[in-house]
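Hi,

Here is the structure I promised to pass on. Have a look at it first, and then read my notes below.

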Amino acid sequence: MSVQSAAADVDVDLRQLFASLVRNWLRILAVALVVTGLAFALTWLATPHYRAETRLLIETRESVYTRPDGTNDNDKPILDEEGVTSQVEVISSTDILKQVAQKLDLSRLPEFDETADMPALSRLLVVAGLKSDPNEIPTEERVLTKMREKLNVYRVEKSRVIVIEFSSEDPKLAAEIPNAIADAYISVQGNANVESNSAATDWLAPEIADLSKRVKDAEAKVASYRAQSDLLMGGNNSVLATQQLSELSSELSRVRANRASAAATADSVRRALQNGGSLDAVPEVLSSGLIQRLRERQVELKTNIADLSTSLLDNHPRIRALRSQLADLDRQIRSEAEKIMTGLMTQAQTAQARENQLVADVNTLKAASARAGDQQVELDALQREATAQRQLLESYLTRYREASSRKDSNYPPVDARVFSRAVAPSQPYFPKILAIAGAAFIGSLLVMAIVTLLQELFSGRAMRPAASARFERIEQVAMPVAHEPPNPEPPDHEPDNIEPADIEGSKDRTAQAQAGPQAAAAAPATGPETGPETGDDVGPARRSLGEVEIDKAVEKLVSSGAARAIFVSPEGDEAAASAVLVAREVSDAGLRVLLLDLTASGAASRPTLDSRLFPGITDLLASEAQFSDVIHADHYSDCHVIPVGTADPVRAMRAADRLPIIMQSLTTAYDLVVVECGPTNAQGISRVVGEGTEVFLSLLEPNDEVAQAAVELIEGGYPDLTLVTPVGHQTPGTPLPGRRSAA
C-alpha cells in the first residue's frame with residue numbers, strides 16, 4: 001500500500017519502523033547466515049587460481065664497446081609511448097604465444113584444451129547438441145584462446161616497463177608461462193636484428209664491388225689527363241707553377257707582415273719601456289718562451305699568495321717571501337722585453353731585404369701560372385668525381401665491415417631486458433574465502449534490513465496521524481440487512497436483467513454492509529429479526545429485481561476486462577457501499593483499481609480515508625491540485641481513492657467538461673476505474689462513460705423507486721445494466737496484518 005505525501009495527514013513513525021528490525025532480528029540473522037554459508041561453500045569448492053608476472057624494461061642495450069664508430073647513445077632514438085605500446089602488442093602476438101605453447105606442451109593440459117580430459121557431462125551436452133563440439137576447432141586455436149583469456153600484457157603508466165601477467169590453476173605454470181613469453185620475445189627481437197644485419201651485408205656487397213670499379217676508372221682518367229697536360233703536381237695536390245707562385249706570394253706577404261709587425265712591435269716595446277707601461281699588450285713579448293715561463297711562474301706565485309691569504313695575514317713571512325719573488329719576476333720580464341725589442345729591430349731589417357728578393361721571384365712565376373690555370377679547371381672536375389666515388393666507397397666499406405662482424409659473431413643487441421622474473425605464487429588470488437564470506441554476510445544483513453523496513457513501511461504499521469491533522473467525526477453509514485429466503489435460488493441462475501419477478505416468502509435482514517470499521521462498531525442492534533439465528537419472525541414479502549451480489553459483480557468485471565465501472569445509487573448514500581466493496585475486492589484480486597467519488601456528500605470516499613480534509617475531484621476540476629495531490633490510498637486495501645475534495649463545488653462544476661479527459665487519463669493509468677455517481681440518471685453519467693464501461697445500479701431493497709431508476713437508465717442508452725446489492729456480503733478471511741476490515 002503506497003502512502004501519498006501530498007495528503008500531509010500521516011507521518012512515518014520512526015520508532016515503530018526501526019522496531020521492526022528488533023522484532024525480526026532472528027529472520028534477518030538466519031537469512032544472513034544462510035547466504036554466508038552458501039557463499040563460503042561455493043568459494044571453498046571453487047578451483048583456486050594463481051597469478052604471477054614478469055616485468056620487462058625497454059631500453060638501449062648497445063654498449064660503448066659494441067657501438068659502431070662515429071655513433072653515440074643520442075644517435076638512436078628511444079622508444080616513445082606509442083613505440084612501447086607497439087611492443088606490448090608484439091609480446092601478445094600469435095607467433096610468440098605459439099612458441100610458448102609448443103615449448104611447454106600446453107595442449108596436453110585440460111586447463112588449456114578441454115578435449116584433453118572432457119567431463120562426461122560436457123560430452124553428453126555435445127551429443128545432445130546443447131554445446132558446441134570443441135573438437136571442431138583446431139587444437140592450436142583452442143590453446144591460444146585459453147592463453148589469451150588468462151594473459152594480460154600492459155605498460156606501466158608513464159614508464160617503459162611492460163608487465164606480462166598470467167593466471168593459472170597451477171602456481172608453477174603461472175610463473176613458467178610469463179617467463180617463457182619474455183624469453184621468446186627477447187629471442188624474436190634478437191633474431192630480427194640478426195636478420196637486419198644479414199640483409200645489410202647482402203645489399204652492401206654488390207654495391208661495394210660496383211663502386212670499387214667506378215673509383216678506379218675515375219682515378220685513371222685524372223692521371224691520364226695530368227700526363228697529357230704536363231701539369232706537375234705539388235705537395236698540396238696542385239699544379240707546381242701555381243703552387244710555387246702561391247707559396248712565393250704567401251712568403252712575400254708573410255715577410256712584409258713580419259717586417260711591419262716587427263717594426264710596430266719594436267716601437268710598442270720601446271714606448272712601453274720608456275713610459276713604464278704594461279708589456280702584456282705586446283704579442284711578441286707574450287710569445288717569448290722565457291717570458292711565458294716567467295708569466296706562468298708569476299701566476300703561480302699570485303695563486304699561492306691568494307691561497308695563503310685566506311689563512312695568513314699580509315705580514316706573514318711566507319706571504320712576504322712570495323711577494324718578493326713576484327717583484328723579482330717583474331724585473332726579469334722587463335729585461336727580457338728589452339732584448340726582444342732589439343731582436344725585432346734586427347728582424348725588421350732582415351725582412352726588408354727578403355721582401356725585395358721575393359718580389360722578383362713572384363713576377364717570374366706569374367707567367368707560368370697563367371698557362372697552367374686553364375688546364376687545371378678540367379683536371380679539378382675529374383678529381384672531384386673521383387673523390388666523391390672514393391668517399392662513398394669508404395662509407396660502404398665501413399658499414400659492411402660493421403654489419404659483417406655482427407653477423408659473423410651472431411651478436412643481437414636487443415633493446416629490452418627482463419629485470420623481474422615471475423616466481424611461483426604461494427597464495428591464490430581467487431577465491432578470497434574470508435573476504436567473500438564477509439561481504440556476503442554484511443550484504444545480506446543490509447538487504448534483509450532494507451526489505452524489513454520496506455515491508456513495515458508499505459504495510460502501514462509504521463504510519464501515524466500527523467500532529468497537525470484535524471479530522472472531523474466520521475459519520476456512520478449503516479446498511480440494512482435482509483434474511484435470505486428459505487430456499488434461495490443459486491446465484492448462478494439469477495438473471496442480470498431488471499425485469500421484476502414475484503418471489504414468495506420474505507427475508508430478514510441478516511447482514512449490514514458497512515463502509516468502515518466504525519460503522520461495524522456503531523451499527524444498532526435490531527433484535528431477533530436482524531440475524532439469521534432468530535429465524536422466528538419473517539419480514540414482509542418483497543419484490544426482487546434480479547440483483548447480483550458483490551462477488552458476482554467482481555467476477556464479471558475481472559472476466560470481461562472492463563476499464564470503467566459506473567455505479568448509480570438511487571437509494572442514496574447507504575447504497576454507495578457497493579462501489580466501495582467492489583473496488584476493494586477487485587484490488588485484492590491483484591488489479592490496479594481507483595475509486596472516484598462523485599457523490600455530493602462523499603459517501604464513497606469517507607469510509608476509505610476516514611477524513612473529509614483530502615483534496616479530490618473538485619480540486620482537480622478547479623485547477624487547485626494535480627493528480628498526485630488528489631489520489632490517496634485506501635486505509636484498508638490496496639485500492640486508490642479520489643475523494644470529493646475541498647474546493648467550491650459550484651466553481652468545480654464550471655469545468656465539468658474536463659471530466660472526460662480526466663477519466664481517460666485515469667483509465668490509462670489504472671486497470672479499473674470505479675465511479676460512484678450517487679442518485680443520478682443516464683444524462684448524469686454520460687460524462688464518465690467510455691469504452692469498456694460496465695454500468696451498475698446499487699440497491700439495498702427492491703422497490704418502485706429503484707425499478708424506476710433502472711428503467712430510466714435502460715431507456716437512456718444502457719441496456720446492459722447490472723443490479724448489485726451489498727446486502728449479506730462478508731469479507732472473506734482474516735484481515736491482513738496492519739489492515740482493518742472494511743466490511
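**Starting from strand β9**

All of strand β9 is tucked away: 5 of its 5 residues (564-568) are buried, so the strand is largely enclosed by the rest of the structure. Do keep in mind that this is a predicted model. The side chains of R564, I566 and V568 point one way from β9, while A565 and F567 point the other way, and all are buried.

What flanks β9? On one side, strand β13 (residues 672-676) pairs with β9 in the parallel sense over 4 bridges, and A565 stands opposite V674 of β13. Strand β14 (residues 693-698) also runs parallel to β9, joined to it by 5 bridges. Here V568 is the residue facing L697 in β14.

**The sheet around it**

Zooming out, β9 belongs to an open sheet of 7 strands with mixed pairing, in the order β11-β12-β10-β13-β9-β14-β15. β11 and β15 (722-724) are at the edges with a single partner strand each, so one side of each has no neighbour in the sheet. Further in, strand β10 (residues 593-597) runs parallel to β13, with 5 bridges between them. V593 has L672 of β13 as its bridge partner.

There is a helix to look for here as well. Helix α20 (residues 659-669) lies across β9, β10, β12 and β13, and runs at about 140° to β13.

**Salt bridges**

How many salt bridges are there? The count comes to 20. As a reminder, side chains of opposite charge can pair when their charged atoms come close.

- R55 and E53 form a salt bridge, with the closest N and O atoms 3.1 Å apart. R55 counts as partly exposed because its relative accessibility is 24%, and E53, at 28%, is partly exposed too.
- R155 and E81 form a salt bridge, again with 3.1 Å between the closest N and O atoms. R155 lies in strand β3 (residues 151-155) and E81 in helix α3 (residues 81-91), so this pair ties together parts that are 74 residues apart in sequence.
- D634 and R584 meet through their side chains in a salt bridge of 2.8 Å, N to O. D634 is in the loop between β11 (632-633) and β12 (640-642), whereas R584 is in helix α15 (residues 577-588), so the pair ties together parts that are 50 residues apart in sequence. Buried or exposed? D634 counts as buried because its relative accessibility is 1%, and R584 is buried as well, with a relative accessible area of 6%.

**The whole chain**

Of the contacts between residues at least 6 apart in sequence, 82% join residues at least 24 apart. The chain exposes about 41,600 Å², and carbon and sulfur atoms supply 53% of that area.

If you open the model in a viewer, I would start with β9 and its two parallel partners, β13 and β14. After that, go to D634 and R584, the salt bridge with 2.8 Å from N to O.

Cheers

Technical notes: Residues numbered from 1 in each chain as written. Predicted model: local features only at pLDDT ≥ 70, side-chain atom pairs only at ≥ 80, totals over all residues. Heavy atoms only, no water. Salt bridge = Lys/Arg side-chain N within 4 Å of Asp/Glu carboxyl O. Buried < 20%, exposed > 50% of the residue type's maximum accessible area, 1.4 Å probe, protein only. Contact = heavy atoms within 4.5 Å. Areas by Shrake-Rupley, 256 points an atom, 1.4 Å probe, with all protein chains shown as cover. Pairing = 2+ DSSP bridges. Axes fitted to C-alpha atoms, helices over the stretch in contact; angles between N-to-C directions.
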